[in-house]
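Hi there,

Here is the structure I promised to pass along. Have a look at it first, and my notes follow below.

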Amino acid sequence: QVQLVESGGGLVQAGESLRLSCAASGRIFSINAMGWYRQAPGKQRELVATITSGGSTNYLDSVKGRFTISRDNAKNTVYLQMNSLKPEDTAVYYCNADVRAAHYPLSRYWGQGTQVTVSS
């Protein structure tokens, strides 16, 4: 089985930065796309950023220029560098990964979520 473990959330003031990490573990053969979603209270989960195995990225319009997604394929880890944080970025952030693992078909796995709170 595959597990995704996130870290790096916390409480910051507006304008500050945070870096989220998400490491995949298990009998992994390969990882295709990886991404970050977020869900604020009372709102639907939304896509924040994705990155393909080749490094192509895609971002939610409201985070373009402030957030950067990257990955370390050797470590099966995806990162989200968040700069110039705003109160509206407050949410639980979830990572996901499309993983091909031993004895399992290509499947999407999710992390447990990490809270990001931005105070004004």
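To start with a question: is Cys-22 buried or exposed? Cys-22 is buried, because its relative accessible area is 0%, under the 20% cut-off for that label. Please keep in mind that this is a predicted model.

Cys-22 has a partner. Together with Cys-95 it makes a disulfide, with 1.9 Å between the two sulfur atoms. One disulfide is what a search of the whole structure turns up. The bond ties together distant parts of the chain: Cys-22 sits in strand β3 (residues 18-25) and Cys-95 in strand β9 (residues 91-101), 73 residues apart. Cys-95 is buried as well, with a relative accessible area of 0%. As for handedness, the torsion about the S-S bond of Cys-22 and Cys-95 comes out at about 50°, so this disulfide is right-handed.

Asn-76 has a positive phi, near 50°, and is a residue other than glycine. You will find Asn-76 in the loop that runs between β7 (67-72) and β8 (77-82). Its relative accessible area of 22% makes Asn-76 partly exposed.

His-103 is not a glycine either, yet its phi is positive, at about 70°. This residue belongs to the loop between β9 and β10 (107-110). His-103 counts as exposed because its relative accessible area is 74%, and the label applies over 50%.

Best wishes

Key:
Residues are numbered from 1 along each chain as its sequence is written. This is a predicted model: local features need pLDDT of at least 70, side-chain atom pairs count only at pLDDT 80 or more; totals for chains, interfaces and linings use all residues. Side-chain values use heavy atoms; hydrogens and water are left out. A disulfide is a pair of cysteine sulfur atoms within 2.5 Å. Helices (H or I, at least four residues) and strands (E, at least two) are DSSP runs, numbered from the N terminus. Buried means under 20% relative accessible area, exposed over 50%, partly exposed in between (1.4 Å probe, protein chains only).
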